[in-house]
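Have the model open as you read.

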Amino acid sequence: QVDKANEVEMSKLSGEVVSFKSRDRAITDHHKNNLKHCQAPERLDLKVGAQVMLLKNIDLDRGLANGSRGVVVRFQRPKSER
């Protein structure tokens with residue numbers, strides 16, 4: 001139901017869809033098994049204006065914690081790809 005609701009809301013946004021493919025990797029069999037049950041999808045489609053939520057702590061000092069929400073304001077290629 002959540003995925004369907006997200007698709008409906010995404011379709012309301014104008015603009016181009018930008019897709020991202022997961023680059024997760026695991027160093028042990030235990031971690032590989034955990035990746036199978038990860039909440040994050042292997043492919044994530046976004047548009048400018050889409051709401052996003054962190055699924056893990058990134059930088060607590062800057063307020064980037066599990067559950068933090070934001071809105072996509074632009075897409076920018078990493079300097080290494082320009």
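## A nonpolar patch

Phe-75 is partly exposed, with 32% relative accessible area (buried is under 20%, exposed over 50%, partly exposed in between, with a 1.4 Å probe and protein chains only). You'll find Phe-75 in the segment after strand S4 (69–71); strands are DSSP runs of E, at least two residues, numbered from the N terminus.

Phe-75 teams up with Phe-20, Leu-44 and Val-48 in a nonpolar surface patch of about 320 Å². To join a patch like this, residues need over 30% relative accessible area and no salt bridge, with nonpolar side chains (Val, Leu, Ile, Met, Phe, Trp, Tyr) linked within 5 Å. Areas come from the Shrake-Rupley method with a 1.4 Å probe, and for residues only the protein chains shown count as cover.

## Where the model comes from

This is a predicted model: local features need pLDDT of at least 70 and side-chain atom pairs 80 or more, while totals for chains, interfaces and linings use all residues. Residues are numbered from 1 along each chain as its sequence is written, and side-chain values use heavy atoms, leaving out hydrogens and water.

## Salt bridges

How many salt bridges are there? The count is 3, taking a side-chain nitrogen of Lys or Arg within 4 Å of a carboxyl oxygen of Asp or Glu.

Arg-43 and Asp-45 pair at 2.9 Å, N to O; Arg-43 is exposed at 54%, and Asp-45 partly exposed at 29%. Glu-9 and Lys-12 have their closest N and O atoms 3.1 Å apart. For Arg-62 and Asp-59, the N to O distance is 3.9 Å.

Methods
Patches are made of residues with over 30% relative accessible area and no salt bridge: like charges are joined within 9 Å, nonpolar side chains (Val, Leu, Ile, Met, Phe, Trp, Tyr) within 5 Å. Helices (H or I, at least four residues) and strands (E, at least two) are DSSP runs, numbered from the N terminus.
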